[in-house]
Amino acid sequence: GNYKQAERHARQAIVLYPHYFLSWYTLGKITFAENKKIEAKNAFTKTLLYNDFGVGSEELALLYVYEKN
């Protein structure tokens, strides 16, 4: 996929709506796919901060598991 363009759009959405969890979640999914684990972890942490539904918790847990291995 075109991750660079998708990442750019996700970051633009975050600038416009910094507390919208789905923008952070999208950025996390993109950076995870790009193997940018630290950026993905930060994005999923923000996802959890800005939603009450647990969105991003599974992805964040996986990143911590990968980190330990």
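**View 1. The buried side of helix H3.** In H3, you'll find Ala40, Lys41, Ala43, Phe44 and Thr47 buried (buried is under 20% relative accessible area, exposed over 50%, partly exposed in between, with a 1.4 Å probe and protein chains only). Looking down the H3 axis, these buried residues fall within an arc of 165 degrees, so they line one face of the helix (the arc is that of the directions from the helix axis to the C-beta atoms). Ile38 and Leu49 are exposed on the face turned away from that buried side. This is a predicted model: local features need pLDDT of at least 70, side-chain atom pairs count only at pLDDT 80 or more, and totals for chains, interfaces and linings use all residues. Residues are numbered from 1 along each chain as its sequence is written, and side-chain values use heavy atoms, leaving out hydrogens and water.

**View 2. The buried side of helix H1.** Glu7, Ala10 and Ile14 are the buried residues of H1. Down the H1 axis they fall within an arc of 65 degrees, so they line one face of the helix. Over on the other side of H1, Lys4, Val15 and Leu16 are exposed.

**View 3. The largest nonpolar core.** Six residues make up this core: Ala10, Ile14, Trp24, Leu27, Ile30 and Ala43 (a nonpolar core is a set of buried Ala, Val, Leu, Ile, Met, Phe, Trp, Tyr and Cys residues joined through side-chain atoms within 4.5 Å).

**View 4. Around isoleucine 30.** Setting aside neighbours within four places in sequence, isoleucine 30 is in contact with Tyr3, Ala6, Glu7 and Ala10 (contact means heavy atoms within 4.5 Å).

Definitions and conventions: Helices (H or I, at least four residues) and strands (E, at least two) are DSSP runs, numbered from the N terminus.
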